[in-house]
Amino acid sequence: MTAKTKTKRSKAQTSGSHGKGKAPLLEVQNLKTYFYTDDGVLTAVDGVDFQVAEGEVFGLVGESGCGKSVTSLSIMRLVDPPGEIVDGRILLQGEDLLAKKLAEMTRVRGRQISMIFQQPKSSLNPVFTIAEQIIEVFKIHENISDEEAKASAIELLRRVGIPDPERKANAYPHELSGGQAQRVMIAMALALRPKLLIADEPTTALDATIQAQILDLMQDLRDATDTAVILITHDLGVIAELADRVAVMYAGKIVEESDTITLFDRPLHPYTQGLMGSIPVLGEAKERLEVIPGNVPSLINLKPGCRFASRCAARQEYGLEICERVEPDLIEMEAGHKVRCWLYQEYEGHTPPLRKGGGR
Amino acid sequence: MLQYIVRRLLLTIPVLLGILVVTFLIARAIPGDPCRSALGERATDAACEAFNRRMGLDQPVPVQLAIYMRQILLEGDFGDSIRYSRPVSLLLIERLPVTLELGVSALLIAILVGIPAGILSAVRRNSKVDVAAMVGANIGVSMPVYWLGLMLAYVFSIYLKDTPLWLPPSGRLTAGVIATPFYRVWDLSIAPGTVGAQVADFLSNLVLFNSLITGQWNVFSDGIKHLILPTVALSTIPLAIIARITRSSMLDVLGAEYVRTARAKGLRERAVVLKHALRNALLPIITVVGLQTGTLFAGAVLTETIFSFSGVGRALFDAITGRDYPVIQAFTVVIAIGYVAINLIVDICYAFIDPRIKIE
């Protein structure tokens with residue numbers, strides 16, 4: 001997976017400033033999505049802010065259960081009950097998606113924002129042919145004849161690298177491999193050239209070799225169409241390969257955000273540092289991979305303070321007590337590099353041990 | 001496909017032969033004997049001996065079975081009814097159409113009401129509609145057919161007497177309303193005693209069908225009126241069961257990932273439910289529909305008895321109480337054929353609904 005990292009890095013460097021100056025394509029402000037379970041209120045996404053610029057690949061990383069998928073489903077307004085978006089704004093080119101009526105939202109889905117999922121085979125409807133499922137996207141949003149739609153569907157299948165697309169178009173999802181199914185999902189998602197593609201763990205369920213192919217395909221298509229991508233993954237290798245900027249999520253909050261190069265070079269948050277330490281590096285002999293002790297805390301009845309405090313090695317190292325009392329803010333340490341940690345933030349009587357003049 | 005159907009049909013032959021043998025033996029295991037039921041007080045020992053000899057009932061049971069099987073397999077003759085001294089086949093031509101109309105209309109009501117009710121319940125899960133539908137379904141399942149039949153007859157025939165809602169409590173047609181067979185209306189000359197004549201008689205005994213094609217509207221509306229109460233009584237249990245299975249099957253499918261994909265494409269909820277979800281939810285539903293035909297025949301015995309319909313169920317009931325062996329046997333086999341046929345249709349439907357099921 002790290003095969004292409006080198007070439008990608010140089011690209012990320014040039015597009016690092018990509019988003020600056022222009023109005024963002026997508027702006028998520030203080031998004032809160034809670035699940036009202038029988039055991040209590042689960043704060044799956046608890047005040048998330050980020051922006052995605054046009055044509056940018058924005059990575060969202062974190063462990064399972066950190067809220068990254070719920071964030072993406074919230075943007076599409078596809079959170080199922082008992083989940084509910086309780087607060088925040090999601091601005092697509094300045095228009096608040098959360099204020100839209102459901103009928104208006106259906107015109108956004110699939111046309112302006114589309115989505116691909118972790119399990120490509122079960123994300124395709126087993127009783128319809130893949131052509132039928134792609135044609136449907138055209139039929140929903142455009143006034144187009146059956147023949148045109150079919151021709152466009154076959155052309156799309158060709159573009160995403162499905163061999164013999166005329167014949168494969170009439171195949172059913174169970175006749176495809178996982179990689180082919182994900183190609184079909186991508187074809188469907190990009191059919192109407194949406195402004196934003198949300199890819200939720202697009203390669204997690206695939207074999208390593210197929211993962212690389214799918215990542216290459218996404219890269220090529222993004223370069224060709226200039227679609228912005230929100231790439232959700234727990235795999236830092238995938239982020240290194242594709243993303244321009246990254247936000248690291250932990251327990252429903254963003255704990256660090258920066259461009260990809262900076263994040264890999266100088267991770268600030270102890271959680272991010274832990275994630276980096278847990279990646280195996282080719283050619284480097286390690287007795288054991290580092291692990292972050294413990295698990296993501298239950299998001300019901302959270303204790304006050306930093307959500308990572310109980311697992312944080314740095315907190316013990318520096319003997320910080322504020323971590324278990326007060327929640328830190330997401331502060332900007334240097335241009336475009338934000339972190340949420342008491343190692344860097346000042347507070348009544350608390351002097352951050354690692355603050356080196358930056359930030360406000 | 002055709003090959004599959006032929007093979008399935010061939011496979012039903014041993015099943016039907018087995019049913020013949022089993023019903024033959026069970027009929028003879030019923031305590032009591034045909035002579036005493038038929039002759040009543042006149043059944044002296046001498047009279048019964050003569051009666052049994054005439055009917056061939058003095059032979060040992062295995063010999064009777066052999067004679068019976070030879071009669072059916074070589075001559076296609078179900079024998080004569082002991083009670084009515086008429087060929088069983090004539091009895092079938094009279095009785096089967098009545099049950100067919102009752103059964104088909106009950107099944108149609110069960111499907112046309114049960115499936116939409118189940119869908120609505122699933123879509124509006126935990127709403128008032130859902131609770132009401134499911135409480136209704138539970139009540140429906142728990143109501144014995146004979147009790148419901150009597151209550152319906154009481155309410156609509158006695159309580160609502162002299163109101164426009166009055167419905168007749170018994171019989172297929174009001175006494176005096178006479179349906180002219182279509183072949184007589186159209187002056188078709190059919191040689192009596194031939195297979196063609198038997199088919200024509202069978203068809204003309206379908207009251208609604210016959211009066212509809214010949215435009216005998218008074219007969220048609222009278223036929224419908226007499227059919228309503230028995231149909232409601234008979235359809236209630238299958239309707240409730242179909243509604244419940246539809247709800248649970250739809251709930252399963254609505255949580256599936258391809259349903260999320262369909263929403264993410266921008267499909268409206270109605271299309272998501274009726275196109276993407278329903279087709280996947282249909283398999284368990286039609287399985288239950290197939291199985292419910294068995295319940296329907298069992299219910300037909302009770303319904304026809306309560307509403308004085310001379311159909312298959314009623315004939316079977318009379319035959320059992322009268323120890324009319326040939327009628328018991330023939331009618332049971334006819335019911336078995338109906339059951340096997342419907343389940344064959346269900347299996348063929350599987351292949352049309354779900355491409356993953358290959359029939360070869």
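1. Of the 360 residues in chain A, 45% count as buried, where buried means 20 or more other C-beta atoms within 10 Å of the residue's own, exposed means 12 or fewer, and partly exposed lies in between, with C-beta atoms placed from the backbone. This is a predicted model, in which local features need pLDDT of at least 70 and side-chain atom pairs count only at pLDDT 80 or more, while totals for chains, interfaces and linings use all residues. Residues are numbered from 1 along each chain as its sequence is written, and chains are lettered from A and ligands numbered from 1 in the order in which they are written.

2. Dimensions of chain A. Chain A has a radius of gyration of 21 Å, close to the 21 Å that the globule rule gives for 360 residues, so it is as compact as a globular protein of that length. The radius is taken over C-alpha atoms, and the rule is 2.2 Å times the number of residues to the power 0.38. Along the principal axes, the C-alpha atoms of chain A fill a box of roughly 70 × 50 × 40 Å.

3. Secondary structure and contact range. Chain A contains 13 helices and 12 strands; these are DSSP runs numbered from the N terminus, with helices being H or I of at least four residues and strands E of at least two. Among contacts in chain A between residues at least 6 apart in sequence, 65% join residues at least 24 apart. A contact here requires C-beta atoms, placed from the backbone, within 7 Å.

4. Open sheet in chain A. Four strands of chain A form an open antiparallel sheet in the order β2-β1-β4-β5, with pairing defined as at least two DSSP bridges between two strands. β2 (40-52) and β5 (95-96) are the edge strands of chain A, each pairing on one side only. Strand β1 (residues 26-37) of chain A is joined to β2(A) by nine bridges, and E27(A) has Q51(A) as its bridge partner in β2(A). β1(A) also pairs with strand β4 (residues 83-92) of chain A over eight bridges, where the partner of T33(A) is I85(A).

5. Hairpin. What separates β4(A) and β5(A), and what is the phi of Q93(A) in the turn? The hairpin has two residues between the strands, and Q93(A) has a positive phi of about 50°.

6. Nonpolar core. The largest nonpolar core has 166 residues, and those with the most contacts inside it are I134(A), A187(A) and L231(A). Such a core is a set of buried Ala, Val, Leu, Ile, Met, Phe, Trp, Tyr and Cys residues joined through C-beta atoms within 7 Å. Leaving out residues up to four places away in sequence, A187(A) touches I134(A), L156(A), L157(A) and V160(A).

7. Domains of chain B. Chain B is divided into domain 1 (21-75) and domain 2 (90-353), the bounds coming from an automatic or database domain assignment. The centres of these two domains of chain B, taken over C-alpha atoms, are separated by 35 Å. Contact between them involves 10 residues of domain 1 of chain B and seven residues of domain 2 of chain B. On the domain 1 side, α1(B) supplies the largest share, four residues.

8. Chain interface. On the chain B side 19 residues are in contact with 23 residues of chain A. Within chain B, α12 (257-264) and α13 (269-306) are the elements that give two or more residues to this side, and α12(B) gives the most, with seven.

9. Backbone points to check. The peptide bond from P81(A) to P82(A) is cis, with omega near 10°; P82(A) is in the loop between α2 (68-76) and β4 of chain A. R193(A), which is not glycine, has a positive phi near 50° and sits in the loop between α8 (178-190) and β7 (196-200) of chain A. R193(A) counts as partly exposed because it has 13 C-beta neighbours inside 10 Å. S85(B) likewise has a positive phi near 50°, and S85(B) lies in the loop between α4 (61-75) and α5 (88-123) of chain B. With 8 other C-beta atoms within 10 Å, S85(B) is exposed. Most residues other than glycine have a negative phi, and most peptide bonds are trans.

How values were computed
Two residues are in contact if their C-beta atoms, placed from the backbone, lie within 7 Å.
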